Amino acid sequence: MSHNPDCLFCKIVEGKIPSKKVYEDEDVFAFHDIRPAAPIHFLMIPKKHIPMLSDMTILDEQLLGKMMLLAPKLALEAGARPGESGGFKVLLNNGADGGQEVYHVHMHVMAGPRPWKYQ
Ligand code: AMP
Ligand code: ZN
């Protein structure tokens, strides 16, 4: 398991920086975003340090699939409304032009009644 000692999200995984945990297993950690852009807003990250989505390879196929399939489950558990009238948004920023600020891959999961700060 690779960790970057200077990485904010690696420190969150290790518990060196506090977070409001949503979910954890051997591969994945999820926690509430500190500046929520929607009524429900959490981040899902791989435990291993990978800076960007574009750094991931075929070796990460299972990990990415797991994260995608966890998103609806965790969104519902966090209070997202089910069905077509409810739902959630999954967002993954990649690089500066993609709006990425923290260089440890993270999937935003946002939900709850609109309007949101982020559309
Ligand atoms: P991005 O712009 O995709 O890199 O998103 C980074 C996200 O990390 C932003 O939504 C921040 O609000 C969030 N964030 C930064 N620091 C923390 C922290 N200590 N705990 C939880 N979320 C954080
Ligand atoms: Zn990291």
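Buried here means under 20% relative accessible area, exposed means over 50%, and partly exposed is what falls in between (1.4 Å probe, protein chains only). The model is a predicted one, so to speak of local features takes a pLDDT of at least 70 and side-chain atom pairs count only at pLDDT 80 or more, while totals for chains, interfaces and linings use all residues. Residues are numbered from 1 along each chain as its sequence is written, chains are lettered from A and ligands numbered from 1 in the order in which they are written, and side-chain values use heavy atoms, with hydrogens and water left out.

Now for the overall fold. The protein comes to two helices and five strands, where helices (H or I, at least four residues) and strands (E, at least two) are DSSP runs numbered from the N terminus. Along the sequence the pattern reads α-β-β-β-α-β-β. A compact globule of 119 residues would have a radius of gyration near 14 Å, and the protein agrees, with 14 Å; the radius is taken over C-alpha atoms, and the globule rule is 2.2 Å times the number of residues to the power 0.38. Along the principal axes, the C-alpha atoms fill a box of roughly 40 × 30 × 30 Å. Buried residues make up 39% of the 119. The accessible surface is about 7,000 Å², with 57% belonging to carbon and sulfur atoms; areas come from the Shrake-Rupley method with a 1.4 Å probe, and for residues only the protein chains shown count as cover. Of the contacts (heavy atoms within 4.5 Å) with a separation of 6 or more, 54% are between residues 24 or more positions apart.

Next, the largest pocket, which has a volume of about 590 Å³. Of its 25 lining residues, the closest to the centre are Asp-33, Ile-34, Arg-35, Leu-43 and His-108. Two or more lining residues come from each of helix 1 (8–13), strand 2 (28–32), strand 3 (40–46) and strand 5 (107–111), and helix 1 gives the most, with three. The lining splits into 14 nonpolar, seven polar and four charged residues; Ala, Val, Leu, Ile, Met, Phe, Trp, Tyr, Cys and Pro count as nonpolar, Asp, Glu, Lys and Arg as charged, and the others, Gly among them, as polar. A pocket is an open set of points on a 1 Å grid over the protein atoms alone, where a 1.4 Å probe fits, with protein on both sides within 12 Å along at least five of seven lines; lining residues have an atom within 4 Å of a point. Grid points are joined across faces, edges and corners, and the volume is the space filled by probe spheres set on them.

A few residues deserve a look of their own. Ile-12, in helix 1, is buried, with a relative accessible area of 8%. Beyond its neighbours within four places in sequence, Ile-12 touches Ile-17, Ser-19, Phe-29 and Phe-31. Phe-29 is 17 residues from Ile-12 in sequence and 9.0 Å away, C-alpha to C-alpha.

The loop between strand 3 and helix 2 holds Lys-47, whose C-alpha is 12 Å from that of Leu-64, 17 residues along the chain. Pro-51 lies in the loop between strand 3 and helix 2 (61–77) and counts as partly exposed, at 29% relative accessibility. Leaving aside neighbours within four places, Pro-51 is in contact with Gln-100, Tyr-103, His-104 and Val-105.

Finally, most peptide bonds are trans. The bond from Arg-114 to Pro-115 is cis, with omega near 10 degrees, and Pro-115 lies in the segment after strand 5.
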